[in-house]
Amino acid sequence: MEYPILESLKKYKTHFNAEQFISLNPDSDFGNLNLNYTQIVIRIECVNSQIIDLYQKFYIEKHKRETEGFAMYNLDESYLDIMITEQIFYWLRKTTDEIISLISLCTDFKSNGKYPKKIKVSSIGEFLNLKTPFIEVIEKNKDLLRLLNEISNTFKHSFINPQIMAYKGSEYPVVFAYNLHYNDLKSEAKFIQIELKKFLNDYDKFLLEIKNYIIENFKI
């Protein structure tokens, strides 16, 4: 079985060796940037384990339904799938925040010859709220990052999101989210539905662009 894992930074379960390592400034004002990049790579490795776990559980349950004629979902298993999906989006959100911080910091140093006292853009939210264009490699993926931000915020804040318990993909894992902005009934509730595989494939392309951008601009 093939899984939509994220392998642009390194192949899953391979050693993080010198060929994959990107040498960054080990003595920046914000510490050893190699450790920041390494943490990004390692976290994606952990996310891949969660992706495989989610898909294995989904297809085992799907096989049982097809072979045993079991139409009802096991509530515990369905809830576990939702929790794993939330964890995947939480870690992708956190990783993206770190990527944006790293690129913002390195860009300022490259432009000014010194590090800023404060990282100017350190999260997806700050990026999306900018009034002026940001770094091109981030800007071109704005729609993807906006979707990631919205889903992760919905999982974290939306009081009505548990209503998605009744929803589950039939043929493949699907991400469902139900957002009520600021939990205010005056706002219009928004239902989100995306195929997880497509989102992960798009995010993996984003990671590859990020890796190439860092190599071309900041590697020492």
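The lining of the second largest pocket draws its largest share, seven residues, from α2. Helices (H or I, at least four residues) and strands (E, at least two) are taken from DSSP runs and numbered from the N terminus. The model is a predicted one, in which local features need pLDDT of at least 70 and side-chain atom pairs count only at pLDDT 80 or more, while totals for chains, interfaces and linings use all residues. Residues are numbered from 1 along each chain as its sequence is written, and side-chain values use heavy atoms, with hydrogens and water left out.

The second largest pocket holds about 230 Å³ of space. A pocket is, on a 1 Å grid over the protein atoms alone, an open set of points where a 1.4 Å probe fits, with protein on both sides within 12 Å along at least five of seven lines; lining residues have an atom within 4 Å of a point. Grid points are joined across faces, edges and corners, and the volume is the space filled by probe spheres set on the points. The lining consists of Glu86, Gln87, Phe89, Tyr90, Arg93, Lys94, Asp97, Ser152, Asn153, Phe155 and Lys156. Two or more residues of this lining come from each of α2 and α5. By class, the lining divides into three nonpolar, three polar and five charged residues. Here Ala, Val, Leu, Ile, Met, Phe, Trp, Tyr, Cys and Pro count as nonpolar, Asp, Glu, Lys and Arg as charged, and the others, Gly among them, as polar.

The largest pocket has a volume of about 400 Å³. Its lining comprises 15 residues, and Asn153, His157, Asn179, His181 and Tyr182 lie nearest the centre. The elements giving two or more residues to this lining are α3 and α5. Of these, α5 gives the most, with six residues. The lining of the largest pocket has three nonpolar, ten polar and two charged residues.

Helix α5 has 16 residues and reaches 22 Å from its first C-alpha to its last, close to the 22 Å expected at 1.5 Å a residue. The expected span is 1.5 Å times one less than the number of residues in the helix. The buried residues of α5 are Leu144, Leu145, Leu148, Asn149, Ile151, Ser152, Thr154 and Phe155. Buried means under 20% relative accessible area, exposed over 50%, and partly exposed in between (1.4 Å probe, protein chains only).

Ten salt bridges are present in the structure, a salt bridge being a side-chain nitrogen of Lys or Arg within 4 Å of a carboxyl oxygen of Asp or Glu. One of them joins glutamate 150 and lysine 190, with an N to O distance of 3.1 Å. This pair links distant parts of the chain, 40 residues apart, with glutamate 150 in helix α5 (residues 142-157) and lysine 190 in strand β2 (residues 190-195). Lysine 190 is partly exposed, at 41% relative accessibility.

A further salt bridge is formed by aspartate 53 and lysine 57, whose closest N and O atoms are 2.5 Å apart. Both residues lie in helix α1 (residues 33-68), four residues apart, about one turn of the helix. An α-helix has 3.6 residues a turn, so residues three or four places apart point the same way. Aspartate 53 is partly exposed, with a relative accessible area of 29%, and lysine 57 is also partly exposed, at 24%.

In the salt bridge between aspartate 108 and lysine 120, the closest N and O atoms are 3.8 Å apart. Aspartate 108 belongs to helix α2 (residues 75-112) and lysine 120 to the loop between α2 and α3 (124-128), so the pair ties together parts that are twelve residues apart in sequence. Aspartate 108 is buried, at 10% relative accessibility, whereas lysine 120 is exposed, with a relative accessible area of 54%.

Helix α6 has 23 residues, and its first and last C-alpha atoms are 32 Å apart, close to the 33 Å expected at 1.5 Å a residue. Its buried residues include Leu196, Phe199, Leu200, Tyr203 and Asp204. Asparagine 201 is located in α6 (residues 196-218) and is partly exposed, at 33% relative accessibility. The C-alpha atoms of asparagine 201 and tyrosine 172 are separated by 14 Å, the two residues being 29 apart along the chain.

Lysine 13 lies in the segment before α1. Its phi is near 70 degrees, a positive value in a residue other than glycine. Lysine 13 is exposed, with a relative accessible area of 61%.
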